[in-house]
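The following exercises are to be worked through in order. Each task is followed by a solution in steps.

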Amino acid sequence: MWILSAIYSVFAPFMQNIGNVVYFNSAYYWALAWVERAHLILKYKQPGFEWSGWFLQWTTFGPESDVLTGNFGLLSATNNWFAWTISSRTTRIPWSWQGNVDYLLTSGTDSKNYNKLPYYTSEKIILSVDNTTWTHLYYTWISSVSYFSGWSFSWILRLPPKVRAQFEESLCDTCDTDEDWISDDIMVNWILDWNFNWVPFSIVPTMSILYYSGGIVDSSQDIAIREKVINETWFLDFWWGHDFSPLVYYNILTEHNVLSLNAEDVKDSPFNAILDGNPSITWLKLWMGIVNLLRTQNDDIYPFLEYQFSFPRPVADSFFTIQGIGLVGDYNVKIFIKKSTNEQSSSIGDFTIIF
């Protein structure tokens with residue numbers, strides 16, 4: 001008996017460790033499997049889709065398509081929970097401290113609250129959400145899309161504060177980067193596009209220059225995003241109420257540059273009819289990109305702008321945030337990944353594991 005007790009005391013911890021490894025590995029791979037399950041769902045869903053599904057022991061189930069049956073082998077008899085969650089809606093892009101400005105350029109500033117708008121890229125903001133709620137439609141192409149309602153959203157464009165502190169100057173107010181004899185150059189282009197009754201439409205900025213007054217921009221008719229509105233305090237608002245409102249003067253679409261084969265179909269429509277949940281409007285999105293060098297008086301070039309959007313109601317975020325959870329016994333493994341709403345990728349991508 002003494003010999004048996006000695007042998008047991010030596011090997012018992014190892015036997016327990018083996019059991020722990022089995023439970024941990026089970027929790028980890030179940031969490032990973034449910035991340036992949038969420039990826040499969042996103043193959044059929046649009047930006048802004050949010051929901052969750054789960055299996056809890058053998059008594060409680062999530063959505064119909066997530067019912068699991070069978071024997072899980074050596075899993076603990078209690079505390080078995082597997083789940084996926086997907087979130088992708090926001091009233092602000094980016095969320096606080098979720099910006100993508102380079103780390104070395106955020107120290108001592110609030111730039112972590114902004115995204116970067118660099119040269120040679122086009123940023124897309126999707127003004128809709130996938131509102132599918134019927135469980136049996138998760139793994140089909142059918143989606144119920146809810147379009148943007150509440151057309152008074154605003155955005156901020158500014159020079160990166162840390163770079164500005166190094167340059168000790170803002171943009172050159174006397175430079176003519178595009179050589180059009182206008183010193184107040186267009187810095188950022190924007191395009192709003194959508195489908196109206198399945199026909200593509202776009203709105204592009206109107207530009208009005210009073211050449212007879214020495215090349216002065218007529219601010220009552222010009223809705224381009226020009227140099228004078230890019231600093232740390234100006235707002236660019238698709239309604240009135242802030243310093244610069246690109247659409248305040250022309251609320252009727254015929255007074256914008258409307259591009260479409262059927263432009264006449266919306267000739268009498270007020271602008272808020274596009275941004276207020278019109279059921280005939282689909283795929284509403286806003287594009288923007290830098291068009292001129294961000295040049296200072298001393299010929300320094302700013303590398304990018306920072307931007308931030310604010311919305312009165314949720315729109316699709318730039319990323320799907322996917323969470324897979326595996327709980328087996330005392331081991332609770334959570335795997336988080338982010339998937340761009342602007343890309344269709346089958347790769348699982350980078351992920352974070354939390355025990």
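On a 1 Å grid over the protein atoms alone, a pocket is an open set of points where a 1.4 Å probe fits, with protein on both sides within 12 Å along at least five of seven lines; its lining residues have an atom within 4 Å of a point. Grid points are joined across faces, edges and corners, and a volume is the space filled by probe spheres set on the points. The model is predicted: local features need pLDDT of at least 70, side-chain atom pairs count only at pLDDT 80 or more, and totals for chains, interfaces and linings use all residues. Residues are numbered from 1 along each chain as its sequence is written, and side-chain values use heavy atoms, with hydrogens and water left out.

**Exercise 1. Describe the largest pocket and its lining.**

Step 1. The space in the largest pocket comes to about 480 Å³.

Step 2. Its lining consists of 22 residues, and those nearest the centre are Gln98, Asn115, Asp317, Ser318 and Phe319.

Step 3. Helices (H or I, at least four residues) and strands (E, at least two) are DSSP runs, numbered from the N terminus. Two or more lining residues are given by each of strand S3 (80-93), strand S5 (123-126), strand S17 (304-328) and strand S18 (331-340). S17 supplies the largest share, 5 residues.

Step 4. Sorted by class, the lining holds 5 nonpolar, 10 polar and 7 charged residues. Here Ala, Val, Leu, Ile, Met, Phe, Trp, Tyr, Cys and Pro count as nonpolar, Asp, Glu, Lys and Arg as charged, and the others, Gly among them, as polar.

**Exercise 2. Determine how S17 and S18 are joined.**

Step 1. Two strands pair if DSSP finds at least two bridges between them. S17 and S18 are joined by 10 bridges and run antiparallel.

Step 2. Phe319 has Ser340, in S18, as its bridge partner.

**Exercise 3. Find the disulfide and state its handedness.**

Step 1. A disulfide is taken to be a pair of cysteine sulfur atoms within 2.5 Å, and the count by this rule is 1.

Step 2. The partners are Cys172 and Cys175, with an S to S distance of 2.0 Å.

Step 3. The torsion about their S-S bond is about 95 degrees, so the disulfide of Cys172 and Cys175 is right-handed.

Step 4. Buried means under 20% relative accessible area, exposed over 50%, and partly exposed in between (1.4 Å probe, protein chains only). Cys172 is buried at 2%, and Cys175 is buried at 16%.

**Exercise 4. Examine the backbone at Pro94, Glu168 and Trp198.**

Step 1. Recall that most residues other than glycine have a negative phi, and most peptide bonds are trans.

Step 2. The peptide bond between Ile93 and Pro94 is cis, with omega about -5 degrees. Pro94 belongs to the loop between S3 and strand S4 (115-118).

Step 3. Glu168 is not a glycine, yet its phi is positive, about 60 degrees. Glu168 sits in the loop between helix H2 (161-167) and strand S9 (186-196), and it is exposed at 71% relative accessibility.

Step 4. Trp198, also not a glycine, has a positive phi of about 75 degrees. Its place is the loop between S9 and strand S10 (199-204), and Trp198 is exposed, with a relative accessible area of 70%.
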